[in-house]
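This report covers one protein chain, beginning with a local detail and moving on to the overall form. Please have the sequence and the model at hand.

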Amino acid sequence: MADHVAEHPAYPVGLRLSGRRVVVLGAGQVAQRRLPSLVAAGADVLLISPSATPSVEAMADAGEIRWERRRYRDGDLAEAWYALISTDDPAANAAASQEAEDRRVWCVRADDAEAATAWTPATGRSEGVTVAVLTGRDPRRSAAVRDAIVEGLRDGSIAAPHHRRPRTPGVALVGGGPGDPDLITVRGRRLLAEADVVIADRLGPRDLLAELPPHVEVIDAAKIPYGRFMAQEAINNALIAHARAGKAVVRLKGGDPFVFGRGMEEAQALAEAGIPCTVVPGISSTISVPAAAGIPVTHRGVAHEFTVISGHVAPDDDRSLVDWPALARLRGTLVVLMGVENSGAIAAELIEHGRPADTPAAVIQEGTTATQRRVDATLATLGETVRNEGVRPPAVIVIGDVVALSTAPTPR
(Lines give C-alpha, C1' and ligand atoms only; values in the text may rest on other atoms or scores of the structure.)
Protein backbone atom coordinates (compact mmCIF):
# COMPACT_ATOMS: atom_id res chain seq x y z
CA MET A 1 0.00 0.00 0.00
CA ALA A 2 1.62 3.29 -1.00
CA ASP A 3 0.81 6.91 -1.68
CA HIS A 4 2.34 8.68 -4.66
CA VAL A 5 5.59 10.31 -3.61
CA ALA A 6 7.30 12.77 -5.91
CA GLU A 7 6.92 11.46 -9.48
CA HIS A 8 6.59 7.72 -8.89
CA PRO A 9 5.33 5.61 -5.99
CA ALA A 10 7.50 3.03 -4.30
CA TYR A 11 7.14 -0.51 -5.62
CA PRO A 12 6.15 -2.79 -2.72
CA VAL A 13 7.91 -6.13 -2.47
CA GLY A 14 8.58 -8.80 0.15
CA LEU A 15 12.25 -9.71 0.53
CA ARG A 16 13.11 -13.33 1.27
CA LEU A 17 16.32 -12.89 3.22
CA SER A 18 16.78 -16.32 4.77
CA GLY A 19 20.49 -17.17 4.69
CA ARG A 20 21.34 -14.01 2.74
CA ARG A 21 23.78 -11.33 3.86
CA VAL A 22 22.30 -8.19 5.38
CA VAL A 23 24.63 -5.43 6.58
CA VAL A 24 23.52 -3.05 9.32
CA LEU A 25 25.62 0.05 9.96
CA GLY A 26 25.05 1.63 13.34
CA ALA A 27 23.63 0.01 16.46
CA GLY A 28 21.42 2.66 18.01
CA GLN A 29 17.65 2.87 18.41
CA VAL A 30 16.88 2.42 14.70
CA ALA A 31 18.90 -0.78 14.49
CA GLN A 32 17.40 -1.98 17.76
CA ARG A 33 13.91 -1.69 16.25
CA ARG A 34 14.78 -3.30 12.91
CA LEU A 35 17.14 -6.11 13.88
CA PRO A 36 14.53 -8.46 15.42
CA SER A 37 12.57 -8.59 12.16
CA LEU A 38 15.72 -9.26 10.16
CA VAL A 39 16.67 -12.06 12.52
CA ALA A 40 13.13 -13.47 12.35
CA ALA A 41 13.42 -13.46 8.54
CA GLY A 42 16.47 -15.71 8.83
CA ALA A 43 18.90 -13.14 7.47
CA ASP A 44 22.65 -13.53 7.92
CA VAL A 45 23.10 -10.20 9.71
CA LEU A 46 26.46 -8.45 9.94
CA LEU A 47 26.39 -5.47 12.28
CA ILE A 48 29.15 -2.89 11.98
CA SER A 49 29.33 -0.28 14.73
CA PRO A 50 31.88 0.74 17.38
CA SER A 51 29.18 0.61 20.09
CA ALA A 52 25.66 -0.68 20.57
CA THR A 53 22.62 -0.34 22.78
CA PRO A 54 22.34 -3.00 25.52
CA SER A 55 19.53 -4.74 23.62
CA VAL A 56 21.56 -4.96 20.42
CA GLU A 57 24.62 -6.12 22.35
CA ALA A 58 22.50 -8.87 23.91
CA MET A 59 21.49 -10.07 20.44
CA ALA A 60 25.15 -10.30 19.47
CA ASP A 61 26.04 -12.10 22.70
CA ALA A 62 23.27 -14.61 21.99
CA GLY A 63 24.68 -15.31 18.53
CA GLU A 64 21.66 -13.96 16.67
CA ILE A 65 23.85 -11.49 14.75
CA ARG A 66 27.57 -11.02 14.06
CA TRP A 67 28.98 -7.76 15.38
CA GLU A 68 32.22 -6.12 14.26
CA ARG A 69 33.05 -3.34 16.72
CA ARG A 70 34.36 -0.69 14.34
CA ARG A 71 33.29 2.07 11.97
CA TYR A 72 32.17 1.62 8.38
CA ARG A 73 34.86 0.97 5.74
CA ASP A 74 34.56 0.94 1.97
CA GLY A 75 33.82 -2.60 0.85
CA ASP A 76 31.65 -3.53 3.83
CA LEU A 77 28.64 -4.03 1.59
CA ALA A 78 30.31 -6.67 -0.58
CA GLU A 79 28.10 -9.75 -1.01
CA ALA A 80 25.19 -7.99 0.73
CA TRP A 81 21.64 -8.30 -0.53
CA TYR A 82 20.24 -5.55 1.67
CA ALA A 83 21.66 -2.77 3.83
CA LEU A 84 20.38 -0.65 6.69
CA ILE A 85 22.37 2.53 7.27
CA SER A 86 21.72 4.18 10.62
CA THR A 87 24.96 5.63 11.97
CA ASP A 88 25.32 9.10 13.49
CA ASP A 89 28.06 10.02 10.98
CA PRO A 90 26.57 11.79 7.90
CA ALA A 91 29.75 11.32 5.86
CA ALA A 92 29.84 7.58 6.57
CA ASN A 93 26.15 7.29 5.74
CA ALA A 94 26.66 9.05 2.40
CA ALA A 95 29.69 6.89 1.55
CA ALA A 96 27.89 3.67 2.44
CA SER A 97 24.85 4.78 0.47
CA GLN A 98 27.03 5.38 -2.59
CA GLU A 99 28.65 1.98 -2.19
CA ALA A 100 25.19 0.41 -2.05
CA GLU A 101 24.25 2.23 -5.27
CA ASP A 102 27.44 1.11 -6.99
CA ARG A 103 26.98 -2.53 -5.88
CA ARG A 104 23.24 -2.50 -6.58
CA VAL A 105 22.36 -3.32 -3.00
CA TRP A 106 18.95 -2.17 -1.84
CA CYS A 107 19.61 0.34 0.92
CA VAL A 108 17.55 1.96 3.67
CA ARG A 109 18.87 5.22 5.15
CA ALA A 110 17.57 6.33 8.52
CA ASP A 111 18.94 9.87 8.12
CA ASP A 112 17.81 10.62 4.56
CA ALA A 113 14.85 8.75 3.09
CA GLU A 114 15.17 10.56 -0.24
CA ALA A 115 18.70 9.26 -0.71
CA ALA A 116 17.65 5.68 0.02
CA THR A 117 16.80 3.08 -2.60
CA ALA A 118 14.39 1.29 -0.24
CA TRP A 119 11.94 2.32 2.46
CA THR A 120 10.93 0.29 5.48
CA PRO A 121 7.15 -0.02 5.69
CA ALA A 122 5.16 -0.04 8.91
CA THR A 123 4.73 -3.77 9.40
CA GLY A 124 2.45 -5.94 11.48
CA ARG A 125 1.50 -9.61 11.55
CA SER A 126 -1.58 -11.59 12.44
CA GLU A 127 -2.03 -15.34 12.05
CA GLY A 128 0.29 -15.76 9.10
CA VAL A 129 -0.65 -12.50 7.37
CA THR A 130 1.95 -9.76 7.06
CA VAL A 131 0.65 -6.21 6.64
CA ALA A 132 3.12 -3.65 5.26
CA VAL A 133 2.05 -0.03 4.80
CA LEU A 134 3.86 2.80 3.01
CA THR A 135 2.52 6.35 3.03
CA GLY A 136 5.54 8.19 1.72
CA ARG A 137 6.99 10.70 4.15
CA ASP A 138 4.43 10.19 6.92
CA PRO A 139 5.52 7.25 9.13
CA ARG A 140 2.87 8.02 11.75
CA ARG A 141 0.13 7.63 9.19
CA SER A 142 1.71 4.39 8.00
CA ALA A 143 1.73 3.05 11.56
CA ALA A 144 -1.88 4.12 12.16
CA VAL A 145 -3.12 2.42 8.99
CA ARG A 146 -1.12 -0.71 9.82
CA ASP A 147 -2.51 -0.84 13.35
CA ALA A 148 -6.08 -0.50 12.11
CA ILE A 149 -5.68 -3.34 9.61
CA VAL A 150 -3.88 -5.67 12.01
CA GLU A 151 -6.45 -5.03 14.74
CA GLY A 152 -9.24 -5.77 12.27
CA LEU A 153 -7.62 -9.05 11.28
CA ARG A 154 -7.08 -10.02 14.88
CA ASP A 155 -10.57 -9.27 16.16
CA GLY A 156 -12.24 -10.66 13.04
CA SER A 157 -13.84 -7.41 11.86
CA ILE A 158 -11.90 -7.52 8.56
CA ALA A 159 -12.46 -11.23 7.94
CA ALA A 160 -14.62 -11.27 4.79
CA PRO A 161 -17.66 -13.59 5.20
CA HIS A 162 -16.88 -15.52 2.02
CA HIS A 163 -13.13 -15.67 2.56
CA ARG A 164 -12.72 -16.78 6.16
CA ARG A 165 -9.42 -18.15 7.32
CA PRO A 166 -9.19 -21.92 7.62
CA ARG A 167 -10.28 -22.65 11.16
CA THR A 168 -8.67 -25.09 13.52
CA PRO A 169 -11.30 -27.80 14.00
CA GLY A 170 -12.43 -28.68 17.49
CA VAL A 171 -12.82 -26.65 20.64
CA ALA A 172 -10.96 -23.60 21.92
CA LEU A 173 -10.80 -23.19 25.69
CA VAL A 174 -10.55 -19.41 25.93
CA GLY A 175 -9.68 -17.47 29.07
CA GLY A 176 -11.78 -14.33 28.93
CA GLY A 177 -9.87 -12.44 31.61
CA PRO A 178 -11.12 -10.90 34.84
CA GLY A 179 -14.24 -9.17 33.50
CA ASP A 180 -13.29 -6.09 31.51
CA PRO A 181 -13.90 -7.10 27.86
CA ASP A 182 -10.76 -5.21 26.82
CA LEU A 183 -8.65 -7.63 28.86
CA ILE A 184 -9.29 -10.72 26.76
CA THR A 185 -6.27 -11.72 24.68
CA VAL A 186 -6.08 -10.83 21.01
CA ARG A 187 -6.19 -14.50 20.06
CA GLY A 188 -9.18 -15.14 22.29
CA ARG A 189 -11.12 -12.29 20.72
CA ARG A 190 -10.31 -13.52 17.21
CA LEU A 191 -11.47 -17.06 17.99
CA LEU A 192 -14.70 -15.66 19.39
CA ALA A 193 -15.25 -13.77 16.13
CA GLU A 194 -14.83 -17.03 14.19
CA ALA A 195 -16.99 -19.22 16.43
CA ASP A 196 -20.23 -20.96 15.50
CA VAL A 197 -21.02 -21.93 19.09
CA VAL A 198 -19.93 -20.26 22.33
CA ILE A 199 -20.47 -22.02 25.65
CA ALA A 200 -19.94 -19.34 28.27
CA ASP A 201 -19.52 -19.30 32.04
CA ARG A 202 -21.29 -16.79 34.24
CA LEU A 203 -17.95 -15.18 35.08
CA GLY A 204 -16.89 -14.77 31.45
CA PRO A 205 -16.78 -11.22 30.03
CA ARG A 206 -20.46 -10.87 29.08
CA ASP A 207 -20.02 -7.70 27.03
CA LEU A 208 -18.09 -9.71 24.45
CA LEU A 209 -21.11 -11.89 23.78
CA ALA A 210 -23.11 -8.88 22.64
CA GLU A 211 -20.57 -8.29 19.85
CA LEU A 212 -21.09 -11.71 18.29
CA PRO A 213 -22.94 -12.01 14.96
CA PRO A 214 -26.58 -13.18 15.20
CA HIS A 215 -25.82 -16.61 13.70
CA VAL A 216 -23.57 -17.57 16.62
CA GLU A 217 -25.25 -19.87 19.12
CA VAL A 218 -24.49 -18.71 22.67
CA ILE A 219 -25.09 -21.27 25.40
CA ASP A 220 -25.10 -20.46 29.11
CA ALA A 221 -23.08 -23.27 30.69
CA ALA A 222 -25.13 -23.00 33.88
CA LYS A 223 -28.32 -23.78 31.96
CA ILE A 224 -27.17 -26.91 30.13
CA PRO A 225 -29.59 -29.67 31.23
CA TYR A 226 -27.68 -32.48 32.86
CA GLY A 227 -30.27 -34.94 34.15
CA ARG A 228 -28.35 -38.00 35.29
CA PHE A 229 -25.02 -36.34 34.39
CA MET A 230 -23.06 -34.06 36.68
CA ALA A 231 -23.00 -30.44 35.46
CA GLN A 232 -19.36 -30.64 34.36
CA GLU A 233 -19.94 -33.90 32.51
CA ALA A 234 -22.91 -32.34 30.73
CA ILE A 235 -20.75 -29.40 29.64
CA ASN A 236 -18.08 -31.80 28.37
CA ASN A 237 -20.70 -33.70 26.38
CA ALA A 238 -22.05 -30.47 24.88
CA LEU A 239 -18.55 -29.43 23.76
CA ILE A 240 -17.99 -32.81 22.14
CA ALA A 241 -21.39 -32.91 20.44
CA HIS A 242 -21.08 -29.48 18.85
CA ALA A 243 -17.50 -30.13 17.73
CA ARG A 244 -18.51 -33.44 16.16
CA ALA A 245 -21.25 -31.59 14.30
CA GLY A 246 -18.51 -29.66 12.52
CA LYS A 247 -18.96 -26.44 14.50
CA ALA A 248 -16.19 -24.11 15.61
CA VAL A 249 -16.70 -24.15 19.37
CA VAL A 250 -15.37 -21.70 21.94
CA ARG A 251 -15.60 -22.49 25.64
CA LEU A 252 -15.42 -19.01 27.16
CA LYS A 253 -14.28 -18.91 30.77
CA GLY A 254 -13.53 -16.12 33.20
CA GLY A 255 -9.88 -15.52 34.06
CA ASP A 256 -7.62 -18.34 32.89
CA PRO A 257 -9.01 -21.78 31.98
CA PHE A 258 -6.43 -23.60 34.10
CA VAL A 259 -6.70 -21.47 37.25
CA PHE A 260 -9.63 -22.96 39.20
CA GLY A 261 -11.52 -23.09 35.91
CA ARG A 262 -11.76 -26.85 35.35
CA GLY A 263 -10.08 -26.31 32.03
CA MET A 264 -7.98 -29.44 32.33
CA GLU A 265 -11.07 -31.57 32.99
CA GLU A 266 -12.56 -30.34 29.74
CA ALA A 267 -9.29 -30.73 27.84
CA GLN A 268 -9.01 -34.32 29.06
CA ALA A 269 -12.58 -35.12 28.05
CA LEU A 270 -11.98 -33.69 24.59
CA ALA A 271 -8.73 -35.66 24.23
CA GLU A 272 -10.49 -38.89 25.18
CA ALA A 273 -13.16 -38.15 22.55
CA GLY A 274 -10.53 -37.44 19.90
CA ILE A 275 -11.55 -33.77 19.61
CA PRO A 276 -8.70 -31.29 18.95
CA CYS A 277 -8.43 -28.73 21.72
CA THR A 278 -6.74 -25.33 21.66
CA VAL A 279 -6.03 -23.64 25.00
CA VAL A 280 -5.91 -19.85 24.99
CA PRO A 281 -4.57 -18.56 28.32
CA GLY A 282 -6.37 -15.67 29.93
CA ILE A 283 -5.38 -12.88 32.30
CA SER A 284 -6.02 -14.36 35.72
CA SER A 285 -7.98 -12.41 38.30
CA THR A 286 -5.38 -13.49 40.85
CA ILE A 287 -3.05 -10.69 39.77
CA SER A 288 -5.18 -8.45 37.56
CA VAL A 289 -7.94 -7.70 40.05
CA PRO A 290 -5.56 -6.65 42.86
CA ALA A 291 -3.65 -4.55 40.29
CA ALA A 292 -6.87 -2.87 39.17
CA ALA A 293 -7.50 -1.96 42.80
CA GLY A 294 -3.99 -0.54 43.17
CA ILE A 295 -2.51 -3.49 45.06
CA PRO A 296 0.73 -5.18 43.90
CA VAL A 297 0.88 -8.86 44.83
CA THR A 298 4.67 -8.54 45.16
CA HIS A 299 6.84 -5.56 46.07
CA ARG A 300 10.54 -5.17 46.65
CA GLY A 301 11.38 -5.42 50.32
CA VAL A 302 7.81 -6.38 51.28
CA ALA A 303 6.75 -9.60 49.55
CA HIS A 304 8.89 -11.96 47.50
CA GLU A 305 6.14 -14.48 46.83
CA PHE A 306 2.40 -14.72 46.46
CA THR A 307 0.24 -17.79 46.91
CA VAL A 308 -3.12 -18.36 45.25
CA ILE A 309 -5.72 -20.30 47.21
CA SER A 310 -9.19 -21.61 46.42
CA GLY A 311 -11.51 -20.66 49.26
CA HIS A 312 -14.63 -22.47 48.09
CA VAL A 313 -14.02 -25.23 50.67
CA ALA A 314 -13.80 -24.22 54.34
CA PRO A 315 -10.54 -25.01 56.19
CA ASP A 316 -12.25 -27.58 58.45
CA ASP A 317 -13.88 -29.40 55.53
CA ASP A 318 -12.51 -32.88 54.88
CA ARG A 319 -12.35 -32.06 51.17
CA SER A 320 -9.85 -29.24 51.69
CA LEU A 321 -6.47 -29.86 50.08
CA VAL A 322 -4.87 -26.68 51.50
CA ASP A 323 -2.09 -26.87 54.09
CA TRP A 324 -3.36 -23.98 56.22
CA PRO A 325 -0.63 -24.17 58.91
CA ALA A 326 2.03 -23.90 56.20
CA LEU A 327 0.24 -20.95 54.59
CA ALA A 328 0.06 -19.14 57.92
CA ARG A 329 3.84 -19.35 58.25
CA LEU A 330 4.44 -17.67 54.88
CA ARG A 331 5.42 -14.00 54.93
CA GLY A 332 4.26 -13.14 51.43
CA THR A 333 0.90 -12.30 49.89
CA LEU A 334 -2.09 -14.61 49.98
CA VAL A 335 -4.67 -14.27 47.21
CA VAL A 336 -7.94 -16.08 47.84
CA LEU A 337 -10.47 -16.79 45.08
CA MET A 338 -14.03 -17.97 45.73
CA GLY A 339 -13.56 -17.24 49.42
CA VAL A 340 -16.32 -14.75 50.26
CA GLU A 341 -18.54 -17.23 52.09
CA ASN A 342 -15.63 -18.75 54.04
CA SER A 343 -13.66 -15.53 54.58
CA GLY A 344 -14.16 -15.51 58.35
CA ALA A 345 -13.18 -19.16 58.75
CA ILE A 346 -10.13 -18.68 56.53
CA ALA A 347 -8.97 -15.67 58.53
CA ALA A 348 -9.48 -17.48 61.83
CA GLU A 349 -7.50 -20.49 60.59
CA LEU A 350 -4.59 -18.33 59.50
CA ILE A 351 -4.53 -16.44 62.81
CA GLU A 352 -4.69 -19.70 64.79
CA HIS A 353 -1.58 -20.94 63.01
CA GLY A 354 0.46 -17.79 63.49
CA ARG A 355 -0.41 -15.15 60.90
CA PRO A 356 -0.65 -11.81 62.76
CA ALA A 357 -4.22 -10.69 63.34
CA ASP A 358 -3.40 -7.13 62.25
CA THR A 359 -2.22 -8.25 58.78
CA PRO A 360 -3.82 -5.90 56.21
CA ALA A 361 -6.49 -7.40 53.97
CA ALA A 362 -8.64 -6.18 51.12
CA VAL A 363 -11.61 -7.59 49.23
CA ILE A 364 -12.19 -6.49 45.63
CA GLN A 365 -15.65 -7.24 44.28
CA GLU A 366 -16.27 -7.46 40.51
CA GLY A 367 -12.73 -6.32 39.78
CA THR A 368 -11.88 -4.54 36.49
CA THR A 369 -15.56 -3.91 35.75
CA ALA A 370 -17.57 -0.70 36.01
CA THR A 371 -19.04 -1.93 39.33
CA GLN A 372 -15.68 -2.70 40.97
CA ARG A 373 -15.45 -1.86 44.64
CA ARG A 374 -12.80 -2.42 47.27
CA VAL A 375 -13.28 -3.02 50.99
CA ASP A 376 -10.34 -2.94 53.40
CA ALA A 377 -9.95 -4.79 56.69
CA THR A 378 -7.43 -6.65 58.81
CA LEU A 379 -7.19 -10.40 59.06
CA ALA A 380 -8.98 -10.19 62.42
CA THR A 381 -11.92 -8.21 61.01
CA LEU A 382 -12.09 -9.79 57.54
CA GLY A 383 -15.13 -12.01 58.02
CA GLU A 384 -17.11 -9.37 59.89
CA THR A 385 -16.25 -6.72 57.29
CA VAL A 386 -17.34 -8.93 54.41
CA ARG A 387 -20.70 -9.51 56.13
CA ASN A 388 -21.29 -5.90 57.16
CA GLU A 389 -20.37 -4.52 53.75
CA GLY A 390 -22.54 -7.03 51.93
CA VAL A 391 -19.70 -8.25 49.72
CA ARG A 392 -20.92 -10.71 47.08
CA PRO A 393 -19.07 -12.97 44.65
CA PRO A 394 -17.16 -12.69 42.43
CA ALA A 395 -14.56 -11.17 44.70
CA VAL A 396 -10.82 -11.54 45.26
CA ILE A 397 -9.36 -11.41 48.76
CA VAL A 398 -5.79 -10.15 49.21
CA ILE A 399 -4.01 -10.72 52.53
CA GLY A 400 -0.58 -9.27 53.29
CA ASP A 401 1.49 -6.16 53.83
CA VAL A 402 1.22 -5.25 50.15
CA VAL A 403 -2.35 -4.10 50.82
CA ALA A 404 -0.99 -1.17 52.82
CA LEU A 405 1.14 -0.09 49.83
CA SER A 406 -1.79 0.37 47.51
CA THR A 407 -2.42 3.47 45.48
CA ALA A 408 -5.57 4.72 43.85
CA PRO A 409 -5.85 3.11 40.40
CA THR A 410 -6.36 5.20 37.29
CA PRO A 411 -10.11 5.51 36.56
CA ARG A 412 -11.36 3.24 33.78
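Helices here are DSSP runs of H or I with at least four residues, strands are E runs of at least two, and both are numbered from the N terminus. The model is a predicted one, in which local features need pLDDT of at least 70, side-chain atom pairs count only at pLDDT 80 or more, and totals for chains, interfaces and linings use all residues. Numbering starts from 1 along each chain as its sequence is written, and side-chain values use heavy atoms, with hydrogens and water left out.

Helix α1 covers residues 29–40, and Ala31, Leu35 and Leu38 in it are buried (under 20% relative accessible area; exposed is over 50% and partly exposed in between, with a 1.4 Å probe and protein chains only). These residues are on the same side of α1, because their arc around the axis is only 70 degrees, taken from the directions from the helix axis to the C-beta atoms. Arg33 and Ala40 are exposed, on the face turned away from the buried side of α1. The buried residues of α1 pack against β1 (21–25), β2 (44–48), α2 (54–61) and β4 (82–85); contact means heavy atoms within 4.5 Å.

Ser97 belongs to helix α3, residues 90–103. Its relative accessibility is 10%, so Ser97 counts as buried. Apart from neighbours within four places in sequence, Ser97 is in contact with Ile85, Cys107, Arg109 and Ala115.

Ile240 is part of helix α7, residues 231–244. Ile240 is also buried, at a relative accessible area of 11%. Beyond its neighbours within four places in sequence, Ile240 is in contact with Ala269, Leu270, Ala273 and Ile275. Between Ile240 and Asp112 there are 128 residues in sequence and 59 Å in space, C-alpha to C-alpha.

## The chain as a whole

The protein chain has 12 helices and 17 strands. Its radius of gyration is 28 Å, well over the 22 Å from the globule rule for 412 residues, so the chain is more spread out than a compact globule. The radius is taken over C-alpha atoms, and the rule is 2.2 Å times the number of residues to the power 0.38. The C-alpha trace spans about 80 × 55 × 40 Å along its principal axes.

Of the 412 residues, 43% are buried. Among contacts with a separation of 6 or more, 62% are between residues 24 or more positions apart.
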